[in-house]
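Work through these exercises with the model open beside you. Try each task before reading its solution.

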Amino acid sequence: MAKPKKTPRPRAETPKGFRDYFGAEVTHRAEMLRKIASVYHRYGFDALESSGVETVEALGKFLPDVDRPNEGVFAWQEDAEGDRPGDWLALRYDLTAPLARVYAQHRNDLPTPYRRYAMGPVWRNEKPGPGRFRQFYQCDADTVGAPSVAADAEICAMLADCLEEVGIERGDYIVRVNNRKVLNGVLEVAGLSGDDKEAERGIVLRAIDKLDRLGPEGVRALLGEGRKDESGDFTKGAGLDGPQADVVMGFMQAKGASGAETVDRLRGLVTGSDVGMQGVDELNLISDLLKAGGYGPDRVEIDPSVVRGLGYYTGPVFEAELTFEIQDEKGRTRNFGSVAGGGRYDDLVKRFTGQEVPATGVSIGVDRLLAALAMKGAGVAADPGPVVVTVMDRDRMADYQAMVAELRQAGIRAEVYLGNPKNFGNQLKYADKRNSPVAVIEGGDENARGVVQIKDLILGAKIAESATHEEWKDRPSQYEVPRDQLVAKVREILDDQ
């Protein structure tokens, strides 16, 4: 008789494009989110926690830079109910599409404008790569129902404050602002308005969005007949003639030495276009409002080279870039780059209500910001572990639990060793692996004398690493104190560390 086949064991590995987070990573992220939330709250925004799952219909085609509706999401269909097919559901790919649904659903109960912030994971069914995951955290703030660009200016100021709150020093970041209406004006002046030019406008938008990767020469080629890449593949261009391409290139290179100079250059480019002039006036007003609030060009600046999301946003667009230098994986020196972006999207809620509802917001890439702080040397140290109360006599577990309870009541992180206490050395190895600052030891002899031994594990590690004990000879790494002085001595050691 043939032996039944064994069921293969499942592989213990994280799915491609996902990762696990441990200890300090989780606490550092939670602390960053707390700091950002404190800024959002200070600006008058209310917290919102919406569902992680939305109907595919509600999500719609609003994932930036994706051509097909619902592409890039994790979706599934519910079971049918009678003759009615089941709804298609999907994990949210950002926090903005759910906001549009929430506002449309509850608008009669919400204040206008509605100011909310939201934090949480989002999921994108995209090809993973280095530093690119299918699940990541976003941290958003949006104002819905405010048509004035004062709302956009406020978002820019708040973004600058958030970066400084989490530890990015002034001078190491810049918030850059552009406006889709100015680009619309540029396209109009270049002769690309009208329904018959929609294809050409799409090519121009995609070409502009590749400025960072292709440079001015590559973008110029895509504005014209097209571009052949290194592999020989040819990408058809927009077919603009020289003067038309000059107008578009002038838009991307219009940044001057000051905000006023930039605005003047843009005004010259869009002369004759009402929508373009409106966009320039909005940029000028944003600059004035920020200046009045103390946010000068060292923190926020007008920069037409900000092109991300121009196919998605309807007005002002902003991006926070970290300007300090890092070494990339190939050892090249470069700026860290963007950690946040946003803008005005007045068409999103209209999908549900049929009426245009003005909205503007920002999304901070939490994981990128954490990586930036790590490269700056901020917030990368392992969190201190708990004080470990060792177990010398398993029959006296109640005594050890009493010790740990006293420490916790004093606000000290502590735990009793709950593994096999037979080998005391393993208990100290455990404490070391937990990055514990202190171990508490009480055997039968100490108990009979009413004392405890308190071992300074941090100092002990330093002594072990030192070639000579001379610099440590006046500082013992282990103390014997009366049992009733346990908490006070542990507190003293922790304060010293």
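This is a predicted model: local features need pLDDT of at least 70, side-chain atom pairs count only at pLDDT 80 or more; totals for chains, interfaces and linings use all residues.

**Exercise 1. Find N435 and state what marks its phi value.**

Solution. Go to the loop between α14 (424-433) and β16 (438-441). N435 lies there. Its phi is near 60°. That is a positive value in a residue other than glycine.

**Exercise 2. Describe how α6 and α7 pack, from axes to residues.**

Solution. Step one is geometry. The axes of helix α6 (residues 198-209) and α7 come within 7 Å. They cross at roughly 150°.

Step two is the contact itself. From α6 come I203, V204, A207, I208 and D209. From α7 come L211, V219, L222 and L223.

Step three is the class count. The contact of α6 with α7 has eight nonpolar residues, no polar ones and one charged.

**Exercise 3. Decide how α7 runs relative to α8, then list the residues that meet.**

Solution. Take the angle. Helix α7 (residues 211-223) and helix α8 (residues 242-252) pack at about 160°, with their axes 9 Å apart. Angles over 145 degrees count as roughly antiparallel, so α7 is roughly antiparallel to α8.

Next, the handedness. α7 passes α8 in a right-handed crossing.

Then the residues. On the α7 side are L211, P216, V219, R220 and L223. On the α8 side are G242, A245, D246, V248, M249 and M252. By class, this contact of α7 with α8 holds eight nonpolar, one polar and two charged residues.

Finally, look back at the α6 contact. L211, V219 and L223 of α7 take part there, and these residues also meet α8.

**Exercise 4. Work out the orientation of α13 against α17 and name the contact residues.**

Solution. Begin with the axes. Helix α13 (residues 397-409) and helix α17 (residues 486-496) have axes that come within 10 Å and cross at roughly 55°. That angle makes α13 oblique to α17. The crossing is right-handed.

Now the side facing α17: α13 gives M403, E406 and L407. In return, α17 gives L486, V487 and V490. The contact of α13 with α17 divides into five nonpolar residues, no polar ones and one charged.

**Exercise 5. Characterise the second largest pocket: its volume, its lining and the elements that supply it.**

Solution. Start with the space. The second largest pocket holds about 310 Å³.

Count the lining next. It has 19 residues. Nearest the centre of the pocket lie S258, G259, A260, S287 and P297.

Then trace the elements. α9 (259-269), α10 (274-292) and β10 (300-302) each supply at least two lining residues. The largest share comes from α10, with five residues.

Close with the classes. The lining of this pocket has eight nonpolar, seven polar and four charged residues.

How values were computed:
Residues are numbered from 1 along each chain as its sequence is written. Side-chain values use heavy atoms; hydrogens and water are left out. Axes are lines fitted to C-alpha atoms, for helices over the stretch in contact, and angles run from 0 to 180 degrees between N-to-C directions. Helices (H or I, at least four residues) and strands (E, at least two) are DSSP runs, numbered from the N terminus. Angles under 35 degrees count as roughly parallel, over 145 as roughly antiparallel, 65 to 115 as roughly perpendicular and the rest as oblique. A crossing is left-handed if the near helix is turned anticlockwise from the far one by less than a right angle, and right-handed if clockwise. Contact means heavy atoms within 4.5 Å. Ala, Val, Leu, Ile, Met, Phe, Trp, Tyr, Cys and Pro count as nonpolar, Asp, Glu, Lys and Arg as charged, and the others, Gly among them, as polar. On a 1 Å grid over the protein atoms alone, a cavity is a set of points where a 1.4 Å probe fits but cannot get out, and a pocket is an open set with protein on both sides within 12 Å along at least five of seven lines; lining residues have an atom within 4 Å of a point. Grid points are joined across faces, edges and corners, and a volume is the space filled by probe spheres set on the points.
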